[in-house]
Amino acid sequence: MDETASRPREPATAPVGDEFAQRRLQFLTWDRTPEDIASPQHQARLSLLREKAGGEFHPTAYVASAAAIFTTRLVLGAQSWIGGHALVRGDVEFGAHCTVNSYAMISGKVRCGDGVRIASHVTLVGFNHGYDDPDIPIWQQTHFSRGITIGDDVWIGANAVVVDGVTIGRGAVIAAGAVVSKDVPEKAIVGGVPAKVLRFRGRGRTDTTRAQLSALGDRAAAQWRDVLAANQSEGEYLSREADGQNRRSNRHLCDAIEIATSFDALQPGLDVAATIERLQAVQDPETGLFPDPFISPHPDRPMRDDGLALYNILSAGYALEALGSRPRHRINAVELAAADLCQWLQELPWRERAWGAGAAVDAIGTALYFNARYHSSTTARETLFGWLALKQDRASGLWGSPTPEEGLLQPVNGFYRLTRGTYAQFGIAVPRPEAAIDAVLLNYRQYGGFSDRTYTACNLLDTIHPLWLCLNQTDHRRPEAEDIARHIIARAGERWIDGEGFAFADGQEPGLQGTEMWLSVVHLSAKLLGMDDGFPFVPRGVHRTEAVGLGL
């Protein structure tokens, strides 16, 4: 147990010069007394450290006699101490009420705020060896130092290692044995090798959010059949779009299948065999695309330019999977030579409508998934991921351009669609996740967290999915993302209409599209918070989160 907390103690009964008392202070340094601090031996030690080690000491600071101090500069604040057999070297600052236990090792440039607790055998390495040139022995390469910065009220557990360049936020806790190689957010509790955020202080018992999530889950689980029935007419599923009209589309049948199977069920009265036949029959045998039978395609342009024919690769394809089937034909439209696929990608509207460009990539990636899983596929996947790697904006982490009218909205929303069908679906790491998180949060702020008619299932899905996806790789700005997730869950319960479900956006009627998308948004929010086990809806269709490798 690391007893580093400063607390009132009875003065030592042995005189300052007693050998046992001095040995005891090497390891139980918190037992120091004002007499120990003021003793001639201690003051002589501090004087020597001022002269030889650049020491600056508050009158209440204490350094045990067996501490190894070989610094160029050492600052030790009020009521701070360094235990015996600790090694401190380099350029090191401690604020007030900091404690360094025995056998800790602190090297290089290290800056600690107030109230930092450093347990025994902790290693803080605020410098690094050069090693990039394999033709030069490492011992001959240059040292460099970015330094370690530790905020106030931080506890670093025994045997933890913190490497150069790391910043640890205020109030964080580093678990024993952790190896910290990335910045730690404020109040985060991190552990493991490499260290990852386990939870946040003060958020371990998220009773309110869990209660809101559970209440909405109970209502949705009890009422989803009523929602399907309310959107069915003469055996056909309809959905209420922005103009209030009831439109027939295969998408609405697929939405109903997704809702039911996401609750691990089937909609009442569904003829599974007939439904599979209906969805498979839509697929064009030559291209493999899925034009909607209720909405006339555009005969004057290629089928791959029809947005519904592309979207239904997802909608119909995943619905078939949810029913235990698959697309009947290989989707040949995406199995192109590298030059042809790159030309198609290049010609997408990245500058003026990045959302639409991302949607096309989503469909291409999903088509390649179906081909690889059920039919055969060429090297088009490698071409697709290679093209994306070269075209990502290094500053924003997004694809496509902002627009004067909407700012980052188009590329942020396009980022969701693009990564959903590619990086998320195939389980491949997203390049530059920190930059993408910054861009998504900036877009969220620019729209005031969304409000009124902008508070739609689409805008929130295109916010929460990228945050969830990127936070699987980094803890960058995690607290801000978690706050958004909590806010979504809190508001979702207010938006559910009993027996009718969710409207896609304020001012619209509840429908199948809004219900499926909002439930998926809530699931993703819960998943980001690590609470998805408390929500009964697990997306099985377009918004599912399970990655598939398929050899990639």
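**Backbone, cysteines and helix contacts**

Let's start at Q79, which sits in the loop between β3 (68–76) and β4. Helices (H or I, at least four residues) and strands (E, at least two) are DSSP runs, numbered from the N terminus. Before going on, two notes on the source. This is a predicted model, where local features need pLDDT of at least 70, side-chain atom pairs count only at pLDDT 80 or more, and totals for chains, interfaces and linings use all residues. Residues are numbered from 1 along each chain as its sequence is written, and side-chain values use heavy atoms, with hydrogens and water left out.

Back to Q79. Most residues other than glycine have a negative phi, and most peptide bonds are trans. Q79 counts as partly exposed, at 32% relative accessibility. On that scale, buried means under 20% relative accessible area, exposed means over 50%, and partly exposed is in between (1.4 Å probe, protein chains only).

K187 also has a positive phi, about 60 degrees, and is not a glycine. Its place is the loop between β17 (179–180) and β18. K187 is partly exposed, at 42% relative accessibility.

Next, a peptide bond. From V193 to P194 the bond is cis, with omega near -10 degrees. P194 lies in the loop between β18 (188–191) and β19 (196–200).

Now H85. This histidine is in the loop between β4 (81–82) and β5 (87–94). Leaving aside residues up to four places away in sequence, H85 touches Q26, F27, A66, A67, Y103 and A104. Contact here means heavy atoms within 4.5 Å. D183 is 98 residues from H85 along the chain, and their C-alpha atoms are separated by 28 Å.

On to the cysteines. The cut-off used here is a pair of cysteine sulfur atoms within 2.5 Å. Take C254. The closest cysteine sulfur to its own is in C458, 18 Å away, which is too far for a bond. C458 is in no disulfide either, and its nearest cysteine sulfur, that of C470, is 17 Å away. C254 is buried, at 1% relative accessibility. C458 is buried too, at 18%.

C458 and C470 bring us to a helix pair. Both are on the α13 side of the contact between α11 and α13. The axes of α11 (residues 409–426) and α13 (residues 457–471) come within 9 Å and cross at roughly 55 degrees. That makes α11 oblique to α13. A word on the geometry. Axes are lines fitted to C-alpha atoms, for helices over the stretch in contact, and angles run from 0 to 180 degrees between N-to-C directions. Under 35 degrees counts as roughly parallel, over 145 as roughly antiparallel, 65 to 115 as roughly perpendicular, and the rest as oblique. On the α11 side, the contact residues include L409, F415 and Y416. The residues of this contact divide into 10 nonpolar, four polar and two charged. For those classes, Ala, Val, Leu, Ile, Met, Phe, Trp, Tyr, Cys and Pro count as nonpolar, Asp, Glu, Lys and Arg as charged, and the others, Gly among them, as polar.

α11 has another partner, α9 (residues 354–374). Their axes come within 7 Å and cross at roughly 10 degrees. That makes α9 roughly parallel to α11. Among the residues that meet are G356, G358 and G365 in α9, and G414 and G421 in α11. By class, this contact has nine nonpolar, 10 polar and three charged residues.

One more pair: α12 (residues 433–446) and α14 (residues 478–495). Their axes come within 11 Å and cross at roughly 50 degrees. α12 and α14 are therefore oblique to each other. L441, Y444 and R445 of α12 make the contact with E480, I484 and H487 of α14.

Last, the whole chain. The protein chain has 15 helices and 22 strands. Its C-alpha atoms fill a box of roughly 95 × 60 × 40 Å, taken along the principal axes. Of the 552 residues, 53% are buried.
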